[in-house]
Structure formats: structure tokens, C-alpha cells
Amino acid sequence: MSVAKEQRPKKITTHVLSEMKMKGEKISMLTAYDYSMAKIVDRAGIDVILVGDSAANVMAGWETTLPITLDQMIYHGASVVRAVNTAMVVVDMPFGSYQGNSREAIVSAIRIMKETAADAIKLEGGSEIIESVNRILSAGIPVMGHLGLTPQSIHKFGTYTVRAKQEEEANKLIEDAHLLQESGVFAIVLEKIPATLAEKVAKSLTIPVIGIGAGGGVDGQVLVIHDMLGINQEFSPRFLRRYHNLYAEITGAVSNYIEDVKSRDFPNSREQY
Ligand code: KIV
């Protein structure tokens with residue numbers, strides 16, 4: 001029997017996110033980097049899937065997000081898009097694919113949109129990259145901003161500690177958020193900044209603000225899936241809530257398998273041809 005049209009879950013678009021902000025409905029966002037995980041996250045009903053350049057850390061084992069390439073982000077993005085029915089899929093532009101100049105930025109963004117079929121791109125920074133943002137927007141590509149702790153600038157910051165605690169940096173962040181909104185970005189991620197500052201920014205903008213380590217006064221939350229599922233055990237910042245201990249679960253299952261193989265319990269007579 002076919003499902004009635006109105007019962008079918010709605011594809012999340014920039015307009016839906018804007019409506020959610022207006023209604024005060026919080027936006028849920030998680031990262032995913034591959035087909036199987038994206039399918040689970042999408043079917044569970046997430047609003048937005050971010051194909052984050054955190055893939056460099058959790059998928060490839062790099063210390064920072066800098067080494068991941070545009071080709072690698074496109075591979076992850078296309079894998080996620082193939083799995084998704086309703087979530088909005090946002091793909092991170094990797095370090096070096098947009099900072100040089102706006103022409104390089106538009107070429108990179110078009111490659112992402114054409115080769116992944118994602119719904120939007122995300123990039124890090126404010127006034128420094130505004131020309132690139134404008135050029136990408138002028139091609140009709142939805143852009144999500146990212147301010148606060150921007151991991152692609154880790155070598156400038158020197159540490160992953162909370163950003164914008166001082167007035168000067170907080171004021172620059174507020175200015176950048178307004179500049180991005182005026183340019184036409186559809187949402188902004190705020191990472192690891194004081195909750196009061198994040199709430200102030202969210203209240204002063206009409207576009208949704210999605211936080212990670214930015215408190216509860218913003219319009220939505222994002223976490224890295226490997227962190228919230230407890231696959232990644234080494235990363236324990238204060239803002240992280242772990243919803244599962246998949247590291248222990250998988251270790252248990254793998255240990256049982258090894259034991260069954262060694263003891264000749266697996267495969268049994270029903271598990272062969
Ligand atoms: O790459 C990523 O996962 C991100 C989130 C932390 C927002 O940018």
C-alpha cells in the first residue's frame with residue numbers, strides 16, 4: 001500500500017530550516033561520511049547531515065582537518081547523498097579549496113555540487129573569505145558559514161580551546177555573523193564559544209545558528225557522529241554528550257567472533273552450504 005503523500009517525510013531544504021527557526025523548532029545535525037552510516041542517520045530522522053572535513057580525523061586518522069583533499073570530500077559527499085532520502089546534505093569545503101581566491105572557490109564549490117549532488121556547502125571564516133562566499137552564492141549554491149573555533153585555522157590559533165572569550169574577538173565574530181547573513185548564507189555553525197555570546201548572535205540573526213560547544217541558546221546542535229556514538233574514545237571535551245559506547249560494543253562483538261573462529265564454533269552446520 002502506498003504511503004499517503006502528507007505522511008511522507010519532507011525533504012529538508014534551506015526554506016524548511018528557516019521556518020524551523022521562525023517556529024522555534026530546534027534543528028538536529030550530525031556528521032556522516034559514508035553510505036551505511038548516512039542511511040541510519042537519515043532514517044532516524046535527522047534534519048541535516050554534515051559531511052564534515054572532520055573525516056580527516058575520524059575516517060583517516062589525521063591530527064588536523066587540513067590534509068583532506070577536495071577529491072576525498074567529494075568521495076565522502078557522494079557516498080552520503082546516495083543514502084539519503086530526507087535530510088539536507090551539507091559538504092564541507094576542505095582547506096585550500098577556497099581561501100586562495102574567489103575563482104578557485106567557485107570552481108571547488110561547483111565540483112562539490114556537480115559530483116556529489118549535495119544540497120549545500122560549508123566553509124570556515126568571515127570577512128577574510130567573503131568574496132569567495134559571494135561568488136559561490138552568485139552561482140545559486142547555498143552556503144553555510146562556520147565561525148568561532150574554525151579547525152582549518154588551528155595553526156593560527158595554536159590550541160583547540162574556547163574562542164571569542166575576549167571582547168575584541170567576540171565583536172569580530174558578531175560582525176562576521178552579520179556580514180555572512182547579509183551576503184545570503186542560509187545558516188551559520190558556531191563552534192566552541194561562550195554560550196552567552198552564541199545566544200546573543202542567534203537572537204540577533206534571522207538565519208539559523210547551529211552550535212557545537214556553544215550552549216543551548218542557539219537554533220540547533222551538531223556533533224561528530226563518531227564522538228556521540230562513543231566510537232572515538234580519545235576525544236572528551238566538556239560539550240560532548242556520549243549516547244552510546246560503540247567502542248566497547250564493537251570490541252565485544254569482535255572478541256566473540258575471534259573466540260568462535262578459534263574454537264571452531266563458527267561456522268556451524270546451518271551457516272554453510
Ligand atoms: O567538520 C566537522 O565535523 C565540522 C563540525 C564540527 C561542525 O565542521
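An oxygen atom of the ligand lies 3.1 Å from an N or O atom in the side chain of D92. D53 and S54 also place polar side-chain atoms by ligand oxygen atoms. A polar contact here is a pair of N or O atoms within 3.5 Å. This is a predicted model, in which local features need pLDDT of at least 70, side-chain atom pairs count only at pLDDT 80 or more, and totals for chains, interfaces and linings use all residues. Residues are numbered from 1 along each chain as its sequence is written, and side-chain values use heavy atoms, without hydrogens and water.

| Residue | Distance to a ligand oxygen atom |
|---|---|
| D53 | 3.0 Å |
| S54 | 2.5 Å |
| D92 | 3.1 Å |

The protein covers 95% of the 260 Å² of accessible area that the ligand has on its own (Shrake-Rupley method, 1.4 Å probe).

The shell around the ligand includes T31, K122, H146 and E191; a residue is near if one of its heavy atoms lies within 4 Å. The shell divides into four nonpolar, four polar and four charged residues. Gly counts as polar in this scheme.

Elsewhere, a search of the whole structure finds two aromatic pairs. One is F235 with F239, edge-to-face, at 6.4 Å centre to centre and 70° between the planes. Rings pair if their centres lie within 6.5 Å, and planes over 60 degrees apart count as edge-to-face. F235 is partly exposed, at 35% relative accessible area. F239 is partly exposed too, at 26%. Partly exposed lies between buried, under 20%, and exposed, over 50% (1.4 Å probe, protein chains only).

Notes:
Polar contact = N/O pair within 3.5 Å; in protein donor to acceptor, adjacent residues only side chain to side chain. Phe/Tyr/Trp six-rings, centres within 6.5 Å; stacked < 30°, edge-to-face > 60°.
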